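Look at the sequence and the model together, and keep both in view while reading.

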Amino acid sequence: MDETLMTGIRWVTRAVEVTGIAIIVIGAIAALLVFLLKLMNNQPKEQIVGDFRSSLGRAILLGLEFLVAADIVNTVAIEPTLDSLAVLAGIVLIRTFLSFSLEVEIEGHWPWQRSRYARREAPPG
């Protein structure tokens with residue numbers, strides 16, 4: 001591949017990685033600030049802890065999606081070897097497990113139970 005194209009792909013990959021990291025860091029800081037504000041306003045502690053965990057989890061999930069995308073681009077475009085593909089498979093597997101675990105933690109139920117919980121929460125109509 002052309003060296004200029006490879007350099008461009010490396011820069012794009014790094015930009016996507018930095019974006020994912022920034023999303024996690026900024027999301028964590030924002031969730032913490034909202035948590036502290038709610039704590040000062042004497043809101044129910046159980047509610048604000050749940051909201052904090054949910055906000056933090058969503059920031060981590062979004063950041064992980066960007067990091068997985070960067071890993072895919074890096075492996076497919078820059079280092080398309082069987083070794084790098086095996087490493088990518090491991091990374092995607094671990095991050096998918098983390099994403100799945102965070103989703104269950106945030107929502108409080110398995111993803112395939114979403115429609116059952118949506119029916120319970122929907123107002124009678």
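Asn-74 counts as buried because its relative accessibility is 18%; buried means under 20% relative accessible area, exposed over 50%, and partly exposed in between, with a 1.4 Å probe and protein chains only. This is a predicted model, in which local features need pLDDT of at least 70 and side-chain atom pairs count only at pLDDT 80 or more, while totals for chains, interfaces and linings use all residues. Residues are numbered from 1 along each chain as its sequence is written, and side-chain values use heavy atoms, with hydrogens and water left out.

Asn-74 sits in helix H2. Helices (H or I, at least four residues) and strands (E, at least two) are DSSP runs, numbered from the N terminus. Which residues does Asn-74 touch, leaving aside its neighbours within four places in sequence? They are Thr-13 and Glu-79, where contact means heavy atoms within 4.5 Å. Asn-74 and Arg-10 are 64 residues apart in sequence, yet their C-alpha atoms are 7.3 Å apart in space.

Now take the whole chain. Its secondary structure comes to 4 helices and 0 strands, and the pattern along the sequence reads α-α-α-α. Of the 125 residues in the chain, 24% are buried. Among contacts with a separation of 6 or more, 70% join residues 24 or more positions apart.

Helix H1 covers residues 3–40. With 38 residues, H1 reaches 55 Å from its first C-alpha to its last, close to the 56 Å expected at 1.5 Å a residue; the expected span is 1.5 Å times one less than the number of residues. The buried residues of H1 are Met-6, Ile-9, Thr-13, Glu-17, Gly-20, Gly-27, Ala-31 and Phe-35. These buried residues pack against H2.

How do H1 and H2 lie relative to each other? Their axes come within 9 Å and cross at roughly 175 degrees. Axes here are lines fitted to C-alpha atoms, for helices over the stretch in contact, and angles run from 0 to 180 degrees between N-to-C directions. H1 and H2 are therefore roughly antiparallel; angles under 35 degrees count as roughly parallel, over 145 as roughly antiparallel, 65 to 115 as roughly perpendicular and the rest as oblique. By class, the contact of H1 with H2 has 26 nonpolar, 7 polar and 6 charged residues. In this sorting, Ala, Val, Leu, Ile, Met, Phe, Trp, Tyr, Cys and Pro count as nonpolar, Asp, Glu, Lys and Arg as charged, and the others, Gly among them, as polar.

Between H1 and H2 there is a loop, and Asn-42 lies in it. Asn-42 has a positive phi of about 55 degrees although it is not a glycine. Is Asn-42 buried or exposed? Asn-42 counts as exposed because its relative accessibility is 67%.

On to the next pair. Helix H2 (residues 45–78) and helix H3 (residues 82–107) have axes that come within 10 Å and cross at roughly 165 degrees. That angle makes H2 roughly antiparallel to H3. The contact of H2 with H3 has 13 nonpolar, 5 polar and 8 charged residues.

H3 itself has 26 residues and reaches 37 Å from its first C-alpha to its last, close to the 38 Å expected at 1.5 Å a residue. Buried in H3 are Ser-84, Leu-88, Arg-95, Ser-99 and Ile-106, and the buried residues of H3 pack against H2. Leu-102 also lies in H3. Leaving aside its neighbours within four places in sequence, Leu-102 is in contact with Gly-57, Ile-60, Leu-61 and Leu-64. Leu-102 and Gly-57 are 45 residues apart in sequence but 6.0 Å apart in space, C-alpha to C-alpha. After H3 comes Gly-108, whose phi is positive, near 85 degrees.
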